[in-house]
Amino acid sequence: QYTTLSHRWGIREPLLRDIEGEVIYDLEGTDGLAKLQQFCLFSLRHNFSWAWSDTCCIDKDSSAELQEAIGSMFSWYHRSSLTIAYLSDVSDAGSLANSVWFKRGWTLQELLASRTLLFYMQDWSLVMPSEAGNHKMDPTILEELQKATGVAARHLRDFSPGMEDARSRLRWASGRCTTRPEDIAYSLFGIFKVHLPVFYGESVQDALGRLLAEIVSQSGDISVLDWVGDAS
């Protein structure tokens, strides 16, 4: 019974060391902290006792914990009761698909893994009311999500990680970017259900190469290597 936050990181997001041992509502500072406070207040109002954000719920100074977090991220979002997707650059429902949230690497995994997902705009109002309490089951929002992501409705509603149609899964990610280049590969580990070591500092080519080698090894599908045109 916990909520998870899916969002585009901003400047100076609060880290574990910033909030550990503190009452977050007593803290002042960055937009990132205000976002965290609003997320926790939202969770409380909806009768959740626990809320999880990737900014401050991982000790990023510990390489072992970071490795475990990246390997477990898909299941953490999948097991949550509700994921809040906060779109800081959306002020009206008509601009949902234009949000930078749809261009980030990690948010693809968060979109697919979450069973129940609600989109909130910059003022923390719902993008659109949902009778089901789940935008992934709302026909209007679902159509927007398909256009924005290229992901079929069946995968948006009920996604299973693994090697099925690996080429399409790579295509979903091909137009996205990450702040740290290697994360383009690491953010796909959960989608393909692979467990590989994380080596920040390796090149993005090496990170993707290890991922592709694992996909080919497990699936036998060499078509994932058959790209034509500019490199993704």
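**Note on the predicted model: strands, helices and domains**

1. Strand β3 is largely enclosed by the rest of the structure, because five of its five residues are buried, where buried stands for under 20% relative accessible area, exposed for over 50% and partly exposed for the range in between, with a 1.4 Å probe and protein chains only. Strands here are DSSP runs of E with at least two residues, and helices are runs of H or I with at least four, both numbered from the N terminus. From β3, the residues L82, I84 and Y86 point one way while T83 and A85 point the other way, and all are buried.

2. As to provenance, this is a predicted model, in which local features need pLDDT of at least 70 and side-chain atom pairs count only at pLDDT 80 or more, whereas totals for chains, interfaces and linings use all residues. Residues are numbered from 1 along each chain as its sequence is written, and side-chain values use heavy atoms, with hydrogens and water left out.

3. The pairing of β3 deserves a careful look, with two strands taken to pair if DSSP finds at least two bridges between them. β1 and β3 pair in the parallel sense over five bridges, and T4 has T83 as its bridge partner in β3. Strand β3 (residues 82–86) also runs parallel to β4, to which four bridges join it; T83 stands opposite L117 in β4, and I84 stands opposite L118.

4. In strand β4 (residues 117–120), L117 and F119 point one way and L118 and Y120 the other, and all are buried. Together, β3, helix α4 (residues 105–113) and β4 form a right-handed β-α-β unit, the hand being right if, with the strands pointing away from the viewer, the path from the first strand over the helix to the second runs clockwise.

5. Helix α2 (residues 31–45) has 15 residues and reaches 21 Å from its first C-alpha to its last, close to the 21 Å expected at 1.5 Å a residue, where the expected span is 1.5 Å times one less than the number of residues. Its buried residues include L33, L36, F39 and F42, and also K35 and Q37. The buried residues of α2 pack against β1, α1, β2 (50–52), β3 and β4, with contact taken as heavy atoms within 4.5 Å.

6. R12, in the loop between β1 (2–7) and α1 (16–19), has phi near 55 degrees, a positive value in a residue other than glycine, and is exposed, with a relative accessible area of 67%. W124, in the loop between β4 and α5 (139–149), has a positive phi of about 65 degrees although it is not a glycine, but W124 counts as buried at 17% relative accessibility. N47, which follows α2, has a positive phi near 65 degrees.

7. Helix α3 (residues 63–79) contains G71, which counts as partly exposed at 37% relative accessibility. The C-alpha atoms of G71 and V23 are separated by 29 Å, the two residues being 48 apart along the chain.

8. The domain assignment of the chain gives domain 1 (3–159) and domain 2 (162–225), with bounds that come from an automatic or database assignment. The contact takes 21 residues from domain 1 and 21 residues from domain 2, and the domain centres, taken over C-alpha atoms, are separated by 22 Å.
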